[in-house]
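Here is a short briefing to read beside the model. Keep the structure open as you go through the points.

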Number of protein chains: 6
Amino acid sequence: MNKLILGLPKGSLQESTFAMMRKAGYTISAGSRSYVPRIDDKEIEARLIRAQEISRYVESGMLDLGLTGHDWIVENGSDVVEVGELIYAKQGLRPVRWVLAVPEDSIVQSVQDLQGKRIATEAVGISRQYLERNGVDAEVEFSWGATEVKAPELVDAIIEITETGSSLRANNLRIVETVLESTTRVIAHKKSWEDVWKRSKIEKIVLLLHGALAAETRVLLKMNVQEQDVGAVTRILPSLHAPTLNKLSDSGWYSIESVVKEKIVREIIPELKSAGAQGIIELSLNKVVS
Amino acid sequence: MNKLILGLPKGSLQESTFAMMRKAGYTISAGSRSYVPRIDDKEIEARLIRAQEISRYVESGMLDLGLTGHDWIVENGSDVVEVGELIYAKQGLRPVRWVLAVPEDSIVQSVQDLQGKRIATEAVGISRQYLERNGVDAEVEFSWGATEVKAPELVDAIIEITETGSSLRANNLRIVETVLESTTRVIAHKKSWEDVWKRSKIEKIVLLLHGALAAETRVLLKMNVQEQDVGAVTRILPSLHAPTLNKLSDSGWYSIESVVKEKIVREIIPELKSAGAQGIIELSLNKVVS
Amino acid sequence: MNKLILGLPKGSLQESTFAMMRKAGYTISAGSRSYVPRIDDKEIEARLIRAQEISRYVESGMLDLGLTGHDWIVENGSDVVEVGELIYAKQGLRPVRWVLAVPEDSIVQSVQDLQGKRIATEAVGISRQYLERNGVDAEVEFSWGATEVKAPELVDAIIEITETGSSLRANNLRIVETVLESTTRVIAHKKSWEDVWKRSKIEKIVLLLHGALAAETRVLLKMNVQEQDVGAVTRILPSLHAPTLNKLSDSGWYSIESVVKEKIVREIIPELKSAGAQGIIELSLNKVVS
Amino acid sequence: MNKLILGLPKGSLQESTFAMMRKAGYTISAGSRSYVPRIDDKEIEARLIRAQEISRYVESGMLDLGLTGHDWIVENGSDVVEVGELIYAKQGLRPVRWVLAVPEDSIVQSVQDLQGKRIATEAVGISRQYLERNGVDAEVEFSWGATEVKAPELVDAIIEITETGSSLRANNLRIVETVLESTTRVIAHKKSWEDVWKRSKIEKIVLLLHGALAAETRVLLKMNVQEQDVGAVTRILPSLHAPTLNKLSDSGWYSIESVVKEKIVREIIPELKSAGAQGIIELSLNKVVS
Amino acid sequence: MNKLILGLPKGSLQESTFAMMRKAGYTISAGSRSYVPRIDDKEIEARLIRAQEISRYVESGMLDLGLTGHDWIVENGSDVVEVGELIYAKQGLRPVRWVLAVPEDSIVQSVQDLQGKRIATEAVGISRQYLERNGVDAEVEFSWGATEVKAPELVDAIIEITETGSSLRANNLRIVETVLESTTRVIAHKKSWEDVWKRSKIEKIVLLLHGALAAETRVLLKMNVQEQDVGAVTRILPSLHAPTLNKLSDSGWYSIESVVKEKIVREIIPELKSAGAQGIIELSLNKVVS
Amino acid sequence: MNKLILGLPKGSLQESTFAMMRKAGYTISAGSRSYVPRIDDKEIEARLIRAQEISRYVESGMLDLGLTGHDWIVENGSDVVEVGELIYAKQGLRPVRWVLAVPEDSIVQSVQDLQGKRIATEAVGISRQYLERNGVDAEVEFSWGATEVKAPELVDAIIEITETGSSLRANNLRIVETVLESTTRVIAHKKSWEDVWKRSKIEKIVLLLHGALAAETRVLLKMNVQEQDVGAVTRILPSLHAPTLNKLSDSGWYSIESVVKEKIVREIIPELKSAGAQGIIELSLNKVVS
């Protein structure tokens with residue numbers, strides 16, 4: 001039987017990744033120390049592996065497919081096929097940034113000022129590539145964590161991941177530059193991607209993941225409109241997603257439906273109402289596949 | 001740039017208020033000791049302030065808009081514009097009552113019997129207005145909390161907030177009268193309400209809040225009906241919200257949709273089925289703007 | 001006024017049962033040590049009773065209606081009317097199995113090998129009936145819990161409930177046979193079932209429970225299709241639930257809706273897309289009454 | 001090698017029993033679902049078994065020694081050697097009472113009034129013996145728990161365990177009589193008690209348990225006293241435990257030490273001070289073996 | 001029977017006060033919403049009342065004795081007898097400070113600069129007395145909590161309680177002056193203090209509380225010393241508490257014991273060892289009554 | 001002013017290290033993300049740093065003194081002065097082992113069988129030194145954690161830390177050999193150790209830490225003995241710690257005190273009693289400095 005070995009990130013990203021897989025339609029669960037999660041698709045075998053290591057095992061073929069951050073693919077310099085990007089509006093899969101940060105009162109104003117300095121980071125590979133690109137010669141030391149407390153006493157600067165910058169601010173650090181922006185990627189082993197069955201299976205998984213992610217940020221708006229207002233109302237609804245127009249049996253009324261981004265709803269509902277829409281309702285969506 | 005300063009209640013009402021703001025379409029969050037929550041609308045600056053104090057700062061204009069209980073507006077005697085009432089079916093925003101309560105075996109049977117007695121309460125203003133309205137002269141002392149344990153040992157009666165009455169019963173207290181019923185109100189500073197941009201912004205916020213609240217207690221019912229049963233089925237659906245009738249391409253069948261109060265669903269589903277409705281489904285709603 | 005006394009299982013099944021009642025449309029809640037839960041239907045009085053005892057009190061008429069496991073009805077040998085079965089996809093109401101289990105290295109290979117042995121179980125009645133059916137004479141002792149640790153030191157075999165078998169494996173036990181499979185049942189007192197008002201009330205409750213349970217495993221799929229693809233697309237949708245077809249005002253397009261099992265969605269979405277479906281969206285359902 | 005099999009109660013008494021074993025000098029621990037706890041004495045093998053069942057397995061010799069409640073020994077009618085009683089001042093090992101309780105407004109005033117009634121209990125054996133002793137014929141049904149909610153709707157009376165009576169009061173039940181008082185007992189299998197090595201081992205364990213329990217309620221008081229006050233001070237100290245008197249090198253002063261019950265300390269410290277004691281200090285004790 | 005009514009602070013101070021009462025020798029406990037805690041002294045009836053209100057009820061005689069902060073006695077201006085001060089090294093009963101704080105960049109440098117300003121505080125009485133003492137006329141408004149976030153937007157300054165100042169710093173506030181330092185006090189109703197039995201009972205309670213508090217910060221040091229080193233060793237031990245010297249039966253050796261402050265132990269142990277002390281041991285104390 | 005910079009391990013060892021410092025006499029605390037803990041000794045500045053990195057910063061002189069595992073000193077190959085070893089009986093500071101582990105059914109029986117294999121570990125340095133010592137050439141890859149799940153699918157063997165071996169067993173791994181045993185060490189920077197003030201300060205800290213650790217596993221036994229039994233009783237008490245013998249004023253009785261290891265108490269108490277000791281009491285100790 002055909003099988004696809006799928007690597008999922010263990011640890012801080014695990015719950016958000018599992019949640020996304022569930023939205024995509026897979027029942028998946030794992031014990032707290034588990035390596036082999038249960039998944040209800042006989043064609044998939046899942047593995048829980050640290051995000052830092054997934055690309056390494058996709059490259060060597062121990063995994064056919066993996067979900068991991070772009071940053072760790074770069075850190076490991078892994079030679080893999082990137083088959084999708086997963087951008088998520090909520091905690092977990094949203095873009096993260098690796099930044100160069102220094103103490104508030106440091107004289108460092110740009111990467112050029114790091115010449116001869118000492119830098120602590122959990123991403124030694126990314127940091128060395130970055131310094132090299134910028135022609136800077138500095139000492140990079142591996143940090144086992146809590147990197148943000150090390151400057152200025154132990155090192156001159158750090159290269160660290162940040163989402164909101166609040167941990168950096170709390171340690172009186174100033175961001176100098178962004179080193180790398182990273183989102184979650186779906187990556188495949190080269191030979192798995194060339195296999196007909198595996199590529200088809202991978203494409204289905206990616207289609208469902210994208211459908212689930214798209215639904216996270218979209219809602220269905222439904223409303224009733226009299227014939228003379230149809231034009232005005234549809235002009236307000238974003239043109240990319242053509243609204244569905246349906247003449248009701250009650251003569252003279254139309255039902256309009258449209259999938260729209262949730263964040264514009266608060267802007268357009270007052271406008272739709274002014275333009276004549278009645279009985280406007282908003283519904284949540286599980287998947288959107290266009 | 002135009003800005004609206006919005007006061008939200010800190011403390012026990014904070015989570016339910018935030019939840020309602022999120023349903024209305026705003027992404028809002030706050031640290032545990034925060035005064036300035038983050039909100040994703042550049043035209044709004046939010047502030048977290050005790051529900052007891054919001055009306056005071058709306059009156060003085062430090063806030064343009066505030067969400068707070070009717071009770072605290074009365075307690076403070078604040079001169080503000082009330083622009084909306086938010087009644088919510090669930091914990092947090094539902095009406096609360098301030099009641100006069102006495103020990104089970106007290107001789108007090110009405111407010112008149114309080115003449116010369118001692119009353120503990122967190123709402124000294126409300127209590128004094130109430131006694132005055134009833135022509136009763138009694139001593140009112142401010143209680144810092146745990147008011148329900150004070151009678152009969154420390155005071156003769158209390159005036160206290162209650163939702164289910166269970167805390168009063170647990171302390172062997174008997175409710176004599178309701179002093180004040182209170183719901184959450186949206187209140188505006190007088191000059192802000194006269195400002196064209198601010199009033200328009202306020203009205204949009206209130207429209208979305210009402211839309212989110214309405215959806216809390218309503219669902220969408222959808223069903224298929226043959227032509228001859230359309231009349232019988234639509235007669236069961238409440239008349240206020242005219243159901244949407246749509247002839248299906250399968251000749252002879254109609255699709256009927258109606259937004260109904262969730263609590264009548266369990267009554268009407270058996271009736272709808274008896275009247276010929278088939279494939280009845282019920283869906284949740286995020287917003288209902290009629 | 002007519003009243004129906006309804007017994008609900010206290011303890012491990014309580015939360016899943018309450019959740020199902022809520023989905024069916026009842027607001028129900030109970031304190032942590034409560035016997036009389038609050039329910040918002042004046043025609044129902046609910047009681048919280050151990051699942052093991054409910055059938056006993058339905059038989060004697062202290063309860064008109066009860067929700068409990070088939071296993072405990074058998075254990076008690078109760079003479080009641082079974083008016084419905086509730087099978088649930090998720091934790092709590094899914095089928096459970098009572099199994100005969102022995103230590104991995106036991107010589108017992110079938111129930112026949114138990115002759116003269118000692119068996120611990122929480123279900124003495126079920127176990128004795130099972131041994132008798134199989135013509136085996138063995139000693140059955142009542143276990144107060146933690147039965148799975150008793151073999152082989154204290155007993156030769158156990159008859160125990162299991163869902164995933166993981167507790168048995170963790171104790172090095174091997175399943176020999178299934179003794180009884182059990183799902184949640186709705187049972188009525190015989191005379192209550194003959195009472196016209198009570199039977200009608202019971203049937204309404206069962207209809208709503210079934211509607212809520214059906215919705216747990218189903219979703220609404222909606223999509224737009226051009227005229228020439230309607231046949232191909234509808235052939236993919238399962239035939240049992242005929243999809244709703246509706247010609248849109250935009251000439252040449254149809255809207256198709258279908259309630260499908262959630263677990264087939266991940267299979268059919270790629271097929272629907274290939275067959276020409278566009279703007280496919282998936283929505284959750286609260287109830288499905290066909 | 002000689003081995004003693006020791007049964008300890010699993011469940012609600014487990015933590016207090018383990019704590020007492022630790023105070024006695026044994027390092028003992030168990031996983032949450034464990035049957036075989038780890039203990040640092042190679043001559044002991046411990047087992048975790050429900051308190052209800054321990055006496056049954058001590059009687060049959062599967063356990064040499066067990067710690068369990070007197071109530072369950074009676075319930076099971078087990079023929080075992082009782083070698084010690086463990087009375088503990090704190091939660092867990094203190095005496096418990098099984099009581100006959102009825103609804104506040106029941107006409108039942110004594111056990112005699114139960115003739116022909118229905119009684120729910122978790123201790124069917126104790127209850128039947130009690131009724132028989134009193135010459136009363138009543139129906140006793142096994143309760144799976146939550147017994148206190150069953151009267152008056154499902155039964156007329158209950159026989160239930162109670163410590164403070166608060167759960168009974170909360171359910172509006174009135175205690176009619178005490179059926180049985182029970183403390184924790186150390187029980188031995190008859191043949192184990194006759195074995196020289198096992199009896200000696202058991203006696204050591206009991207000595208240490210008693211030493212640890214005695215220390216729970218006692219403290220060491222130490223003070224300095226001038227020669228002329230020695231008599232007055234020692235008269236205050238309880239006579240059972242003769243205080244240790246020691247002449248200090250500082251001429252004329254004596255040091256007095258005494259192990260006393262903790263609960264009298266607050267009474268005697270003011271008296272000791274008045275009688276001339278100085279520098280009074282109180283120390284905690286791990287063990288007291290007199 | 002003689003009875004003493006004792007008020008203990010409900011809320012944040014409750015657990016530390018209960019812990020101190022337990023160290024003093026009283027078994028005391030309370031449910032989470034309780035007003036009447038259980039205490040194992042038949043001569044005492046305890047009441048749980050907000051720290052803010054205790055002095056009010058001691059003044060009026062509803063309580064004979066109370067434990068509360070000096071700050072709230074001042075705030076209420078209560079006329080009571082102060083019979084003891086409880087200073088505690090650990091969280092809960094250690095001194096607290098009410099401070100005047102302003103935004104970091106405020107021009108306010110002393111209380112004099114507050115003329116005509118607006119101040120928020122939970123202690124309106126303390127604040128008004130403080131301003132009056134300093135001849136400053138400013139507006140004081142009652143704050144329901146979260147006072148530290150109010151400056152500078154809502155008020156110019158705050159008067160707020162602080163222990164470490166961290167909450168003030170986190171809100172960018174600067175301490176201008178200390179308004180009041182406060183420790184826990186034992187206060188008595190005037191007439192209760194004149195009653196012979198009550199005063200004697202109160203004095204015993206205070207003696208035990210002081211004994212328990214003293215033991216919190218002290219330990220017993222014990223060591224063996226040869227005759228020639230006795231002088232050197234005793235000179236190191238603090239002179240206030242004369243060490244106990246005892247000639248051992250082993251000729252030439254002395255045992256020395258001394259109660260010392262725990263915080264000097266780390267300084268004197270190396271010195272004692274250098275001076276010839278051997279077998280130095282340190283023991284914890286429950287009570288120290290000198 | 002003289003200052004000593006002290007590095008303490010952040011993370012899993014932090015709480016046990018803080019607890020030991022507190023027993024030694026230091027009040028120390030830290031916020032959850034803190035780098036600079038508060039300590040009540042003005043001559044010490046503490047820093048929280050990952051155990052893996054402490055030896056690196058002691059070597060370079062950024063820290064004068066550090067507490068960390070022997071394993072990480074070896075891993076980093078740090079050139080530091082080891083001034084003490086801290087062996088602790090309880091969780092946290094007890095010895096840990098790095099072991100070579102392989103799947104249960106692996107053919108690997110000794111380190112020699114690893115030739116050409118792939119090994120995952122968090123301690124790449126220790127592993128490479130170990131392989132080199134044994135003349136084995138194998139691939140060592142850095143593991144970011146969850147190493148125990150990697151064999152056999154991703155690697156052939158792992159080198160991993162273990163305390164009880166339970167995590168290895170749970171993953172079906174077999175221990176082949178111990179690679180390194182490690183305890184907590186106190187290490188000093190070379191130049192700090194040569195500084196007179198710093199060395200003296202370090203020696204005091206180590207004395208107190210050893211005193212606190214010794215007390216963890218010891219207790220004080222005290223008993224009364226008649227003259228004729230003194231010899232028999234003292235022979236039972238371990239000879240290393242000569243017991244203190246003191247003639248009581250009550251003629252003919254002696255008080256004997258001895259500090260003994262806690263784990264022998266349960267053996268010797270029955271013997272002491274048989275030999276004539278009376279009123280045996282056991283007390284806990286905070287420090288033992290011999």
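This is a predicted model. Strand 17 of chain A pairs with strand 16 (residues 278–284) of chain C, in the antiparallel sense and over 3 bridges.

**Sheet with strands from chains A and C**
- The two strands belong to an open sheet of 5 strands with antiparallel pairing.
- Its strand order is 17(A)-16(C)-13(C)-15(C)-14(C).
- Strand 17 (287–289) of chain A and strand 14 (244–247) of chain C are the edge strands, and each pairs on one side only.
- From one strand to the next, the twist averages 15°.
- Opposite A:Lys287 stands C:Glu282, in strand 16 of chain C.

**Chains A and F**

**Helix contact in chain F**
- Helix 1 (residues 14–24) of chain F packs on helix 7 (residues 196–216) of chain F at an angle of about 100°.
- Their axes lie 8 Å apart.
- Angles of 65 to 115 degrees count as roughly perpendicular, so helix 1 and helix 7 of chain F are roughly perpendicular to each other.
- Helix 1 of chain F brings F:Met20, F:Met21, F:Lys23 and F:Ala24 to the contact.
- They meet F:Leu208, F:Leu209, F:Ala212, F:Leu213 and F:Glu216 in helix 7 of chain F.
- The contact residues divide into 7 nonpolar, no polar and 2 charged.

How values were computed:
Residues are numbered from 1 along each chain as its sequence is written. Chains are lettered from A and ligands numbered from 1 in the order in which they are written. This is a predicted model: local features need pLDDT of at least 70, side-chain atom pairs count only at pLDDT 80 or more; totals for chains, interfaces and linings use all residues. Side-chain values use heavy atoms; hydrogens and water are left out. Two strands pair if DSSP finds at least two bridges between them. Helices (H or I, at least four residues) and strands (E, at least two) are DSSP runs, numbered from the N terminus. Axes are lines fitted to C-alpha atoms, for helices over the stretch in contact, and angles run from 0 to 180 degrees between N-to-C directions. Angles under 35 degrees count as roughly parallel, over 145 as roughly antiparallel, 65 to 115 as roughly perpendicular and the rest as oblique. Contact means heavy atoms within 4.5 Å. Ala, Val, Leu, Ile, Met, Phe, Trp, Tyr, Cys and Pro count as nonpolar, Asp, Glu, Lys and Arg as charged, and the others, Gly among them, as polar.
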